[in-house]
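The stops below take you from one selection to the next.

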Amino acid sequence: MAYAAFRPALFTLDPERAHKLALDAARLYGYLPGRPLGSSAVNLMGLRFPNRLGLAAGFDKNAEAVDGLGKLGFGFIEVGTVTPRPQPGQSRPRLFRLPKSGALINRLGFPNHGAKAVARRLSRRRYSGIVGVNIGKNADTPIDGAVDDYILCLRAVCETADYIAVNVSSPNTASLRDLHQPERLEPLLTALLNERDAISREFRRHIPVALKISPDLDFDLLKEIASIALRISLDGIIATNTTVHRDRSMSADAGSRGGGLSGAPLYQLSLKTVATLRRLLGPAFPIIGVGGVDSPGKASAMRSAGADLVQIFTGMVYRGPALVAECVRALRGTNVVAE
Ligand SMILES: Cc1cc2nc3c(=O)[nH]c(=O)nc-3n(C[C@H](O)[C@H](O)[C@H](O)COP(=O)(O)O)c2cc1C
């Protein structure tokens, strides 16, 4: 109720400025005494998640407010996307609200402080939930050199990350989505898993590696990705990132802008991707569902479609922090419905 009263004022601000304010508030909230995370723990990818709800990548790109965001009740937080070198991202304006659609369009292009700075910040966290670090490549790294960027990120963050999310699916870095193609994807993931195995031996700690995919893949490509994931023993798949598709009904609502669309119009696409992946990957493979979840009912439906864990982002912008506790409650004790 408090957020609903506050939202109109927040929405008069430029979306990126409003987001920075929200992050600053969350950072300060991190210094207040908090409640312990609820006990509805689940084991997945070799990790123990305090509950099934996570904050999706991009909300706290530089791990500046992990303690405060954690206190809202998230069982896990994915920071990033980080790149090996810091970079400013695309020129502004680059984030747009579509209030009639409950959606956002962003073409941020990975503005971030760089993997090493984010790792240093994470090493000081007090949040007791799981923290994933989402990694990508610098904008000026050619796609043929992408593997090196991902490896550099992995090395920089491996000591402070509980899991790694390999982002090949943001639409705002030129050619990044080409990395979904099997001839590029398999060598990338194999190199990362080999490097991860060496690091895990050194630290005596398993660091799961999950792949974050686009919602805009056709069935044949999804099938190939699923078979690669099973063949190389990938730890998980995160489905999905934002879409480049537009619904005709959104044209009056700034929907024609370029960039990745998130929020309510993405929901069916993400849900369908999760359901298809669950069929392709079998009952045991870890899947994290994300895209358009803005109510406890949609969180439960994402889980029923086959997601072990669920993440939110745009729903928080429209519904506020109360959505966290509502979704955590809805996901407590849920079971995947067999298809
Ligand atoms: C402003 C904004 C920035 C984002 N940045 C990233 C990012 O850096 N890396 C990433 O993997 N996903 C990023 N995403 C995608 C989200 O993590 C999520 O996959 C997507 O928004 C769908 O979830 P939602 O509908 O709940 O927002 C971003 C989304 C938004 C809205």
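Begin with Arg97 and Phe11. The charged end of Arg97 sits over the ring of Phe11, 4.3 Å from its centre. Here "over a ring" requires NZ of Lys or CZ of Arg within 6 Å of the ring centre and within 35 degrees of the ring normal.

Before moving on, note how to read what you select. This is a predicted model, where local features need pLDDT of at least 70 and side-chain atom pairs count only at pLDDT 80 or more, while totals for chains, interfaces and linings use all residues. Residues are numbered from 1 along each chain as its sequence is written, and side-chain values use heavy atoms, with hydrogens and water left out.

**Stop 1: the ring partner of Phe11**

Rings of Phe, Tyr and Trp (its six-membered ring) pair if their centres lie within 6.5 Å; planes under 30 degrees apart are stacked, over 60 edge-to-face, and the rest tilted. Phe11 lies in the loop between helix H1 (2–10) and helix H2 (15–29), and Tyr318 in helix H10 (residues 314–319), so the pair ties together parts that are 307 residues apart in sequence. Helices (H or I, at least four residues) and strands (E, at least two) are DSSP runs, numbered from the N terminus. Both Phe11 and Tyr318 are buried. Buried means under 20% relative accessible area, exposed over 50%, and partly exposed in between (1.4 Å probe, protein chains only).

**Stop 2: other rings**

Select Phe49, Phe76 and Tyr163. They form one aromatic cluster. The count of aromatic pairs comes to four. Then pick Lys298 and Tyr267: the charged end of Lys298 sits over the Tyr267 ring, 5.0 Å from its centre.

**Stop 3: the ligand**

How many residues surround the ligand? There are 25, and the closest are Ala57, Lys61, Thr81, Gly292 and Thr314. A residue counts as near if one of its heavy atoms lies within 4 Å. The shell divides into nine nonpolar, 14 polar and two charged residues. Strands E4 (76–82), E6 (103–106) and E11 (260–263) each supply at least two residues of the shell.

Now display the polar contacts (pairs of N or O atoms within 3.5 Å). Three to pick out:

- Asn167: an N or O atom of its side chain is 3.2 Å from a ligand oxygen.
- Lys212: a polar side-chain atom lies 2.8 Å from an oxygen of the ligand.
- Gly292: a polar backbone atom is 2.7 Å from a ligand oxygen.

Taken alone, the ligand exposes 610 Å², and the protein buries 98% of that. Accessible areas come from the Shrake-Rupley method with a 1.4 Å probe.

**Stop 4**

Go to Arg92 and Pro93. A cis peptide bond joins them, with omega about 0°. Pro93 lies in the loop between E4 and strand E5 (95–98). Next, select Ala239 and Thr240. Their peptide bond is also cis, with omega near 15°. Thr240 is in the loop between strand E10 (236–239) and E11.

Finish with Met45 and Arg204. Met45 is not a glycine, yet has a positive phi of about 55°. Arg204, not a glycine either, has a positive phi of about 55°. Are these residues buried or exposed? Met45 counts as buried at 8% relative accessibility, whereas Arg204 is exposed at 77%. Met45 lies in the loop between strand E1 (42–44) and strand E2 (47–49). Arg204 is in the loop between helix H6 (182–203) and strand E9 (209–213).

Definitions and conventions: A polar contact is a pair of N or O atoms within 3.5 Å; within protein, one must be able to donate a hydrogen and the other to accept it, and residues adjacent in sequence count only if both atoms are side-chain atoms. Ala, Val, Leu, Ile, Met, Phe, Trp, Tyr, Cys and Pro count as nonpolar, Asp, Glu, Lys and Arg as charged, and the others, Gly among them, as polar.
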